[in-house]
Amino acid sequence: MTIDAPLLPHRAEAAANARFQALVLPYLDAAYNLAHWLTRNDADAQDVVQEAMVRALRYFDSFHGTDARVWLLAIVRNTFYTLRARHAPELARDPLDDEAHPLIDPGPSPESVALLAVDVGALQEALARLPETWREVLVLRELEECSYKEIAAITGQKMGTVMSRLARARERLREELTHRPKEGRRHDLR
Amino acid sequence: MTCDESRLLHAYLDDELDAAQSAQMERHLAACPVCAAAQREHERLRKALAQPELYRRAPDALRRQWEAPPAPVAAPRRHPVALAAAAGFIGALLLSTPAWLWLARPDAAPAAVVDEAISGHLRSLQPQHLMDVVSTDQHTVKPWFEGKLDFAPRVKELAEEGFPLAGGRLDAIGGRSVAALVYRRRMHAINLYQWPADGADTPQAIARRHGYTVIDWRQGGMRFVAVSDLNEGELKQFALAFDNTPH
C-alpha cells in the first residue's frame, strides 16, 4: 500500500516527464544490467540505478543526442564510480593496470574446448571475478551488444583501448573458465 | 601470441573491421589453425555469454517507481476502496504503533518546502558540497553549528539503527538558515533539515517525487524535513529512528 503525496507538476515539467518516460525509461533494463555487473549485487545495483535515473532526469534538459541508451549507460557508469568513491574510497582505484596483465597465449588447449560449454553459474562467477574495467567492456559488448564506438562513448575511452580491453577481458574470462584458478579470487574486491 | 593478425581477431569477431580488413582476416583464419581455433573458442564464449540468465533486468519495484503514471493535474483522486483500505491500515497502525506514524495527507508537505529540500539535497550531492563538517561523532557535529545558527539543532547518532551520521552543513530553506545533517544508508545520502517552528507536533507526511522521498514533520518546536533517494520504507525507518532516539 502506498500513501504518497504526488506533487502538482507544472505543465512544462509534465511534458518533460513524458519525454523522459518515452526516451529514457525503455533503457531501464540496460541500466540495471550494467549496474548489476558493476556492483555485483542487487541492493547496490538498485541504489546505483536509482541515483542514475535521478541524475538523468535532472540533466535531461542537456540531452540533445540521439542515443538515449548510450547517454543513460554513461550516467550509470559515472554514478557507480562516484558513489563508490564516496562510499569506499579505498576501492576507488582499480588495481587493474593493463601492463600488469599481459595477454596470455590464446592458443587453445584441449580441456578448454570441453569446459567452455559452461553453465550459467560458472560463467557468472568468472565474470564477477574479472577486474571491473574489463568486466564493464565485456558486459557492454556481449550482454548489451554495444559497438566499439558506443562503448568508447559510454566509458570515455579511445576505441583502441576498448578493443584491447575487450581482447584481454575475453582471454581472461576464457582462462578463468578453463582453469578456474582459486587465486582468481584475488580480483574479488569485496 | 603467435601472429600479428590475431591482434585484430576480436575486432573481426565484433564485426568492427572494414571490408578489406575483414577479407584479410578471413584469409588468415583459413591459413592459421591457431587463430582459427581461438576464433572458435571465442565464438563459443560469446554464445555462452548470450544466455538470457546473465542479463539482469530491472526489478519490478524499481520499474514501477519510474513508470509512475503522469502526476495528476488536479488534486490526486483516490479510489474509494483504496481509501477505505488506507483508513483501515492507518487504524491498525494507530493501534499498534506510536500515533505520530501517520502517513498520507497529500497537502501535508507544502510543495515549496519539498522543492527546496530536494534542490538542496541535489546540490549537496555535487562534488565537495555534501558536508562542511565531516564527522560521525555528534559531539563534533553539534558544536560546529554553534554561532552559525540562531538555534541549537538536534544531532543524534543513528549508526546502531543502520544510519551512520556522516556530517553536517548549513543550508537555506524558505529564506532562512537551517541545519542540514547528513546520514548514510548503504550508498545513499540522507539530508535531514531542521529549523525552529512554532506550533504543535505534526505527524510525518510523506511526499515522493521522481524517486525522491521527502518526509516532513514537526516535533518539539522543531521542523524536520528528511530527503533521500532511499525507498519510502527505509526513509520512514530513518525518521522513526531519529524521533525515537534520545539526544
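A crossing of two helices is left-handed if the near helix is turned anticlockwise from the far one by less than a right angle, and right-handed if clockwise. Helices (H or I, at least four residues) and strands (E, at least two) are DSSP runs, numbered from the N terminus. This is a predicted model, in which local features need pLDDT of at least 70, side-chain atom pairs count only at pLDDT 80 or more, and totals for chains, interfaces and linings use all residues. Residues are numbered from 1 along each chain as its sequence is written, while chains are lettered from A and ligands numbered from 1 in the order in which they are written.

**Helices 2 and 4 of chain A**

- Helix 2 (residues 28-39) of chain A packs against helix 4 (residues 68-87) of chain A at an angle of about 30°, their axes 9 Å apart; axes are lines fitted to C-alpha atoms, for helices over the stretch in contact, and angles run from 0 to 180 degrees between N-to-C directions.
- Helix 2 of chain A is therefore roughly parallel to helix 4 of chain A (angles under 35 degrees count as roughly parallel, over 145 as roughly antiparallel, 65 to 115 as roughly perpendicular and the rest as oblique).
- The crossing of helix 2 of chain A with helix 4 of chain A is right-handed.
- Residues making this contact (C-beta atoms, placed from the backbone, within 7 Å) include Leu34(A) and Leu38(A) of helix 2 of chain A and Leu73(A) and Phe80(A) of helix 4 of chain A.

**Helices 7 and 8 of chain A**

- Helix 7 (residues 132-143) of chain A and helix 8 (residues 148-155) of chain A pack at about 135°, with axes 10 Å apart.
- Helix 7 of chain A and helix 8 of chain A are therefore oblique to each other.
- Helix 7 of chain A also passes helix 8 of chain A in a right-handed crossing.
- Glu136(A), Val137(A), Leu140(A) and Arg141(A) of helix 7 of chain A meet Ile151(A), Ile154(A) and Thr155(A) of helix 8 of chain A.

**The sheet of chain B**

- Chain B has an open sheet of 7 strands in the order 1-2-3-4-7-6-5, with antiparallel pairing (two strands pair if DSSP finds at least two bridges between them).
- Strand 1 (133-134) and strand 5 (202-209) of chain B are the edge strands, each pairing on one side only.
- Strand 1 of chain B runs antiparallel to strand 2 (residues 165-173) of chain B, joined by 2 bridges.
- Val133(B) is opposite Gly168(B) in strand 2 of chain B.

**Ala159(B)**

- Ala159(B) lies in the loop between helix 7 (138-144) and strand 2 of chain B.

Definitions and conventions. Contact = placed C-beta atoms within 7 Å.
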